[in-house]
Amino acid sequence: MMKQVIFLLAIAGASAFVPTVGPNKPQSILSATSIDDKTEVREYFNTEGFNRWNKIYSESDEVNSVQLDIRTGHDQTIQKILNWISEDEVSIKGKTVCDCGCGVGSLAIPLAQMGAKISASDISDAMSTEAARRAKEVGVKGKFYTSDLESVKGSYDTVTCVDVAIHYPDEKMSEMISHLCSLSKDRVMFSFAPKTWYYVFLKKIGELFPGPSKTTRAYLHEERIVRDALTKAGFEVTREEMTATNFYFSRLLEAKRV
């Protein structure tokens with residue numbers, strides 16, 4: 001129980017922490033409430049959030065036990081996607097993939113190594129730049145650029161969005177999924193933190209304790225809403241997985257156009 005509470009202290013939202021707009025400039029609680037989630041997330045992942053999560057999404061030893069466990073959970077989700085793609089009858093080689101919220105390229109880069117034509121974006125310029133650097137370092141090609149999810153355009157065989165929904169409130173969820181589906185000719189792979197009574201309870205406990213790492217809001221989502229949005233967009237869930245470590249939980253869905 002205490003381990004899960006510690007996790008929530010690591011990710012719970014800004015409702016329990018006053019975010020910053022600069023390295024040494026605390027923001028007032030009143031003005032913080034007027035900043036939308038998108039702005040909050042962009043600023044965080046371009047500053048201290050980038051430094052923290054760049055270490056988590058790497059092989060750096062400069063992580064604590066909680067961060068190491070989150071790395072393990074995220075890596076498991078990525079590996080499940082790669083396993084699905086490896087099991088497909090049709091190779092991903094030569095197929096177009098749009099990775100929305102690519103972070104430092106944890107999924108986009110191995111997909112490019114498998115032969116996919118990658119277009120990867122992130123709301124954080126620091127993140128997308130790091131993803132491009134990592135891709136160049138291992139000798140793979142891909143388009144890495146800075147964009148919020150809603151502004152991504154194009155048509156792709158597969159659209160992926162992993163561990164991004166935690167930054168979207170419930171009222172934006174259906175719209176977000178609809179947009180992702182509009183980009184896909186065939187398949188969407190999407191992960192989110194499921195809203196269950198247990199996770200909601202733990203999150204509420206975590207929000208009681210302010211901590212320096214709580215700088216963006218964290219949203220859990222009802223699985224029914226996610227599935228309904230996929231269905232409304234003309235997609236059917238074909239595969240699903242759940243990853244749960246001590247400090248990380250994520251529902252992963254693959255949905256295909258019907």
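What share of the contacts in the protein chain with a separation of 6 or more comes from residues 24 or more positions apart? The figure is 71%. Keep in mind that this is a predicted model.

Some bookkeeping. The protein chain has 258 residues, and 52% of them count as buried. There are 10 helices and seven strands.

Let's start with the cores. The largest nonpolar core has 25 residues. Cys100, Met176 and Phe190 have the most contacts inside it. Who supplies this core? At least two residues each come from β1 (96-100), β4 (156-161), α8 (170-183), β5 (184-192), α10 (223-232) and β7 (249-257). Helix α8 gives the largest share, six residues. As general background, nonpolar side chains in soluble globular proteins tend to be buried together.

Take Phe190. Leaving out residues up to four places away in sequence, Phe190 touches Cys161, Ala165, Met173, Met176, Ile177, Leu180, Val226, Arg251, Leu252 and Leu253.

Now α8 itself. Its 14 residues should span 20 Å at 1.5 Å a residue. The end C-alpha atoms are 21 Å apart, so the two values agree. Which residues of α8 are buried? They are Met173, Met176, Ile177, His179, Leu180, Cys181 and Leu183. The cover over these buried residues includes β1, β4, β5, α10, β6 (235-244) and β7.

Next, α7, residues 125-137. This helix has 13 residues. From first C-alpha to last, α7 reaches 18 Å, close to the expected 18 Å. Its buried residues are Ala126, Met127, Ser128, Glu130, Ala131, Arg134 and Ala135. Note that Glu130 and Arg134 are on that list. What do the buried residues of α7 pack against? The partners are α3 (37-45), α4, α6 (108-113), β2 (117-122) and β3 (143-146).

The crossing is right-handed. On the α4 side, the contact uses Phe50, Trp53 and Asn54. On the α7 side, it uses Ala126, Met127, Glu130 and Arg134. By class, that makes four nonpolar residues, one polar and two charged.

Helix α4 has another neighbor, α5, residues 65-87. Here the angle is about 65°, with the axes 9 Å apart. Arg52, Trp53, Lys55 and Ile56 of α4 meet Gln67, Ile70 and Arg71 of α5. This contact divides into three nonpolar, one polar and three charged residues. Look at Trp53. It takes part in the contact with α7 and also in the contact with α5.

Last stop, Val140. Where does Val140 sit? In the loop between α7 and β3. Is Val140 buried or exposed? The cut-off for buried is under 20% relative accessible area. Val140 has 16%, so it counts as buried. Its contacts, not counting residues up to four places away in sequence, are Ile109, Ala112, Gln113 and Ala135. Ala135 is one of the buried residues of α7. Val140 and Gly115 are 25 residues apart in sequence. In space they are 9.1 Å apart, C-alpha to C-alpha.

Definitions and conventions. Residues numbered from 1 in each chain as written. Predicted model: local features only at pLDDT ≥ 70, side-chain atom pairs only at ≥ 80, totals over all residues. Heavy atoms only, no water. Axes fitted to C-alpha atoms, helices over the stretch in contact; angles between N-to-C directions. Helix = DSSP H or I, 4+ residues; strand = E, 2+ residues; numbered from the N terminus. Left-handed = near helix turned anticlockwise from the far one by under 90°. Contact = heavy atoms within 4.5 Å. Nonpolar A, V, L, I, M, F, W, Y, C, P; charged D, E, K, R; others polar. Core = buried A, V, L, I, M, F, W, Y, C linked by side-chain atoms within 4.5 Å. Buried < 20%, exposed > 50% of the residue type's maximum accessible area, 1.4 Å probe, protein only. Expected span 1.5 Å × (residues − 1).
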